[in-house]
Amino acid sequence: MPTPSDAELLHQLQQRFETVTAAKVANAAAGKALDEKLRVAFKSPPRRPNVSIERLQEDMKQKEWHRTTTSMSAADERVVLRELQQLQDKAAQHTTCNKFQRELDTLRAERQERFEQHKTMENTLQQLQKQRRQLQLAAHLEKAVADFVTIHVPIPADKMGTLIGKQFVRVHQLEKECCVILEVDNEHNSVKITSALEQVQTAKKAIEDITLATSHAIGLHPDTVKVLMCQQAKLLRELEKSHKLKVDISKAEGILTVMASPDKAKQLENAIDGLTAGKVNIALPSEIVPKLIGKKGETINKLMQDTGALVDIDKVTNNVRLVGTKESVADAETYIQELMSKESQQEKNYTPENTDLFKGSESPPYKFEFFAEFLMANKAKQLRLLRAEALGARIKVLKKERQIQVVGNRKQIDALEGALRERLKDFEQCHWMHEVADKHLLSHVIGKKGSKIKEIERKGKESNVRIDIQDTYVCVFGDDAEAINGARAAIMEIVDNSQRSVFVTSRGLITILMASKRDKLTGIENSSGCKLHLPPLVRDAAARSSGGESDQVTISLAGTQEAIRMAKEQLEELSETHYVQYLPLDDDEVPIVIGKNGGTVADLETKSGSKVRVLRGTGGQSSELQMFGTQDQLKIVQTAVADLLHTQHRQLLQLDAFSTGCLIGKKGDRIKALRLAHPDATFDAFPNRGQVRVKAATPEALQACVDDVLKTLRETHVVEMVHVLQHEQQTATGLPRGSTVPVSPNFSTVLEKNESVVIRLRELEAEGGGGMRVSIEDDGKVAKIRGPALGICKMKEFLEMLVSPESHFVETIPLPSIAFASALEVKGDVGKLNENALRICKQTGCKLRITRSSAAGAAEEGAIRIEGTNASNVYKAKAEVENVLQFYYPDCFTTLDNLPIFIATRIYELLPSLRVKYNVVFSLPTKTSLKIFTDSKLHAVEIATQLEKDVKAWKEQLVELPIAGWLVPILIGRNGDTIKKISTESNARLDLSAPSPSGSRHKDRVLTISSKDSATVKTATEKVKEILIHHKNLSSVVHVSKAKLDVALSVKKDAAKGVQFHVTDGEEEGDLQVVIYSDDHDERERIVEMIEHLLDKCVVITIALPTSVSPSFASSMIGSLIGKSGANIRALRKQFSNVTIDIRRDTNSITLKGPTAEVEKVNTIMGDKIEELLRNEDEFQQRRNSRCQNESEKQEDNEKGTSSANDDKAADETSQPLSLLQQSQLAKNVGPVGGTTGTGDIKLTKNQRRRMRKRAENEKLDALST
């Protein structure tokens, strides 16, 4: 017989189930009928007597026997009969009760039988139901019942109720969700699960999640709490539904509590993390906040509903925080960004650097400034037009900051760029710009108090001609090209006729020009058309106040370029035939030179053709012989005077006034020492002329004396200071806008900006001899020169020229041979510059001139002279000239690279001896290289080979030691005694590197020890190391941060006498080292412990004020924190005396230092105060924005009403006085002092009114600054 299928079995079971169910229903109905009979029977049951039937029967027998056997009256008999009747009634009652009991027993038996049948049927139904459920489940799972498995899962007794649930709700829920059949055994505390294997395992896992559930507490971030509870806890309900858990959240504590198994709790925590995986902060403009919120929060609620992200707005800082899943946060961010882009008032800055509006290789400097002036000219006509084309965007032109600020929405900003281009096109067509060579020409263009500029603008007033000046650039703009060309012609005429140059010559030439009623001066001016400005003529003794190179004077030339060129040529010709020299004369030699009736002087002039004059000494000055003429004529005079005075063993050293003064010494001590060392010789110093005269008996003695003089000057090291000239402050009152008064630069700025000037300074240090150093001090206002006396004067003059506003720089490149000049001259035209030279002149703005000189019987010599008003350009031109020479004559140049810095000095010391044999020129192209320029390739190779050998030997005679900054004063000693003592004892040279101008005074330095003897260097090195080690052993070091430096140094007041504190840089950036120096070891350790204890207790907190606020409000905020006259700060310091409060306006920050607990309290107070100020400012801005919006709407309504009214009616209305209502409205709109119109209807506090006044003042200053 075939096995029936599950469907057939299910059909059979269904039929049998229905049959049994019908029988059960019938049985139940019969049972209910029996229950009804029992109910009715029990409703009026018979009363059973309290006496048993046996007792009644016995009593009846006794009564009957008593009645029958005893004689009694009728009444007694009636009583006995009545009692007997009562007993019979009770016996009848017993019979009735027994019958009723039998009926009840019958009913109960039948009912019990029905109940047993019901139970049997119930069990049968349960079995059938179970089988049917299995078959239905199998059909639902599309599996055979034979594949079902059954497992028993033990359940803890305390978890049975939780598993079952109220009225088996939890069991039914599990059956439905897991597709299983659950049978609960309360007796054995187990659950039987029946279904397919996969479903059984799922149900078992679900049951274990219930039975293993414990209470879990999960800490939540405040953002997470907001996400779960927003929108009536929508996400929380979804979590509970998806994880089948009941979750409880404490908002105050931020704790989520849940009953779940560990795995389920972990899944829940991961799900919560996923809900807050995306977090974004967006700073909103104040005007966007109400638009994002919407009316009664409609917009923000819809955004959260659509995206599922939390949108939390901080109204104090106008910051919106988005929290949710990454996708939801991205959607919300996109929406907000689009809203901001569309609705917010954006700010955009247009500058020459970040836009293509001002790009281009032909764009000159200051074009932006001139364009800004063009916009603001003629009552800002172009700016108003620009605003109209930009759809009313707010535009602010900041000329000094080189930017145009625009505030508007996206549409307005998009329209602005095109409008700017149109304005630039108009500017290009309506302006002319020219660069003036220097400030002197600019002053001529401006005129006295701007008179010439004003005159040009007055002539072009009808065409709105305007002239603006930036640095050395002049710009003219106007309404038509003809007016601009007229102003251009006037300016160029001034420029062409006001060219300036200088001619450096000797003071004697001034005398020649002024002689014969200025005959020669007038002739040069008339023939050339150039105006010559001579320095004041100083006569006789006063003329001797300058000596040597300082005897040079400068003649200023003004006129056209051609006139200046012609004047210079004539001055050069005059200068070449009128050299001047001075020869000191003793009193007994004066009559010999003059002769009888001046006959000797006349003979000298006749023989030589020169001009000779004797200047008698007055006021303690010696007499001099002044000689004018060519170099050959002067040599004839000198030879004749030497023969006349018999001075064969006499030599005149031409030095400078400073060197001569150093040779004399304090109270003449040095020259006295020379006289004692050479008793047979005579030394005479003439500081006015910078001359030293030496007389001796023999040539050998003379040479020894001269050598001793030069040695003394080289070994005498002095210190000289050069100060930046402090000019009287000038103003530009009356000058056109943009013109500035020249300001004297300082040494630091000049050296930082011009590398070529630094290289020239290095050359001068090398030329000045060993030990020549220049250090910049006092923020670049002072240059300190240390070095040999012989080179100080030249260095001092160079430094003075660097910082002089009116200085004129002249640099000369000697040529080994005049043939090299052909590289810069036109072939066949001597003296005329070729294209290479003209290119250099154009690029640097300097002037080049090739000078030639030749003595009798000697080869012609030459040099290239470079002149200019800018030191950097002069030395750039010098480098370019050297590059041109090297290009045409590469074999004559050689370069030595990788030279130590000190080597350059020694190489320059060899230059005089090398020039005896070679025609050679040295220069320093970089700090570590030397360029050699000579007349042939052979000589260049020979000199380079010799110098390389010397350099190799010198490197072995040098040691460099790093010196800690705090040890430098100790190593130097008082007045340099320590370092001088080491140098004297070891016969070595010790040079300490100069400190950096911008570096710390305790920055590490380098000590260079050098000598011509290696043993001497070793001895000096050992002595220095011994001193350094000894003093390092007397010190202790504590590492501190820069912020806690003042805390560490506060122990100074408790330190013993003699303890020194030094601060040096640490190993890491921002770290410092405090060095405690003392002979007492215990005291040092005590100080170190005190510092470490203070550092451990101290904490530093920096509060950065918001950067998004305006500068005026930031300043107001700092003022509010400080309080009136510092009242708030004083109160805090009084309450927290151990806390240091430092408020810095430049960085908008507050630094708190002190004990941790007190600093935290002060930090909290400051933070609350800042939040309150920001909140007040936000409320103020919102009121102002709403007020401005209302005012603009009112204005638009008024304009519409006015435009629609009749002109006559409007005129009549305006002519009538204001009504009382209008007057009251005007009075109502009047705001407080310092406020804006429309604030009168808002009641403000005293502090708010004060802040409004201050803000209005700041805004006014900002407007004026533009």
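How many residues lie between E26 and E27 in their hairpin, and which residue in the turn has a positive phi? The hairpin of E26 and E27 has 4 residues between the two strands, and Asp778 in the turn has a positive phi of about 55°. This is a predicted model. The chain has 1266 residues, and 41% of them count as buried. Its secondary structure comes to 43 helices and 44 strands. Among contacts in the chain with a separation of 6 or more, 67% join residues 24 or more positions apart.

**Strand E27 and its partners**

- Strand E27 covers residues 782-788 and is mostly covered, with 6 of its 7 residues buried.
- Strand E26 (residues 773-777) pairs with E27 in the antiparallel sense, over 5 bridges.
- Glu777 has Val782 in E27 as its bridge partner.
- Strand E25 (residues 717-723) also pairs with E27; the sense is antiparallel and there are 7 bridges.
- Lys784 in E27 stands opposite Met721.

- E16 and strand E18 (residues 552-559) run antiparallel and are joined by 8 bridges.
- Ile555 in E18 stands opposite Phe503.

**Sheet E28-E32-E31**

- Another open sheet has 3 strands in the order E28-E32-E31, and its pairing is antiparallel.
- Which strands stand at its edges? They are strand E28 (809-815) and strand E31 (847-853). Each has a single partner strand, so one side of each is left without a neighbour in the sheet.
- From one strand to the next, the twist averages 25°.
- E31 and strand E32 (residues 861-868) run antiparallel, joined by 7 bridges.
- Arg849 has Arg865 in E32 as its bridge partner.

**Nonpolar cores**

- The largest nonpolar core has 66 residues. Leu799, Leu802, Ile866, Val881 and Leu885 touch the most other members.
- Helix H29 (residues 871-888) gives the most to this core, namely 7 residues.
- What does Val881 touch, not counting residues up to four places away in sequence? The list is Ile813, Leu824, Ile840, Leu848, Ile864 and Ile866.
- Another core lies apart from it and has 46 residues, among them Phe370, Ala372, Leu424 and Ala483.

**Helices H14 and H15**

- Two packed helices are described by the angle between their axes and the distance between the axes.
- Here, the axes of helix H14 (residues 439-446) and helix H15 (residues 451-459) come within 5 Å. They cross at roughly 50°.
- H14 is therefore oblique to H15.
- From H14, His444, Val445 and Ile446 meet Ser451, Lys452 and Ile453 of H15.
- By type, the residues of the contact of H14 with H15 are 3 nonpolar, 2 polar and 1 charged.

**Ser923**

- Ser923 belongs to strand E34 (residues 920-923).
- Is Ser923 buried or exposed? Its relative accessible area is 6%, and buried means under 20%, so Ser923 is buried.
- Leaving aside neighbours within four places in sequence, Ser923 is in contact with Glu763, Glu882, Tyr908, Leu930 and Lys931.

Notes
Residues are numbered from 1 along each chain as its sequence is written. This is a predicted model: local features need pLDDT of at least 70, side-chain atom pairs count only at pLDDT 80 or more; totals for chains, interfaces and linings use all residues. Side-chain values use heavy atoms; hydrogens and water are left out. Axes are lines fitted to C-alpha atoms, for helices over the stretch in contact, and angles run from 0 to 180 degrees between N-to-C directions. Angles under 35 degrees count as roughly parallel, over 145 as roughly antiparallel, 65 to 115 as roughly perpendicular and the rest as oblique. Contact means heavy atoms within 4.5 Å. Ala, Val, Leu, Ile, Met, Phe, Trp, Tyr, Cys and Pro count as nonpolar, Asp, Glu, Lys and Arg as charged, and the others, Gly among them, as polar. Two strands pair if DSSP finds at least two bridges between them. A nonpolar core is a set of buried Ala, Val, Leu, Ile, Met, Phe, Trp, Tyr and Cys residues joined through side-chain atoms within 4.5 Å. Buried means under 20% relative accessible area, exposed over 50%, partly exposed in between (1.4 Å probe, protein chains only).
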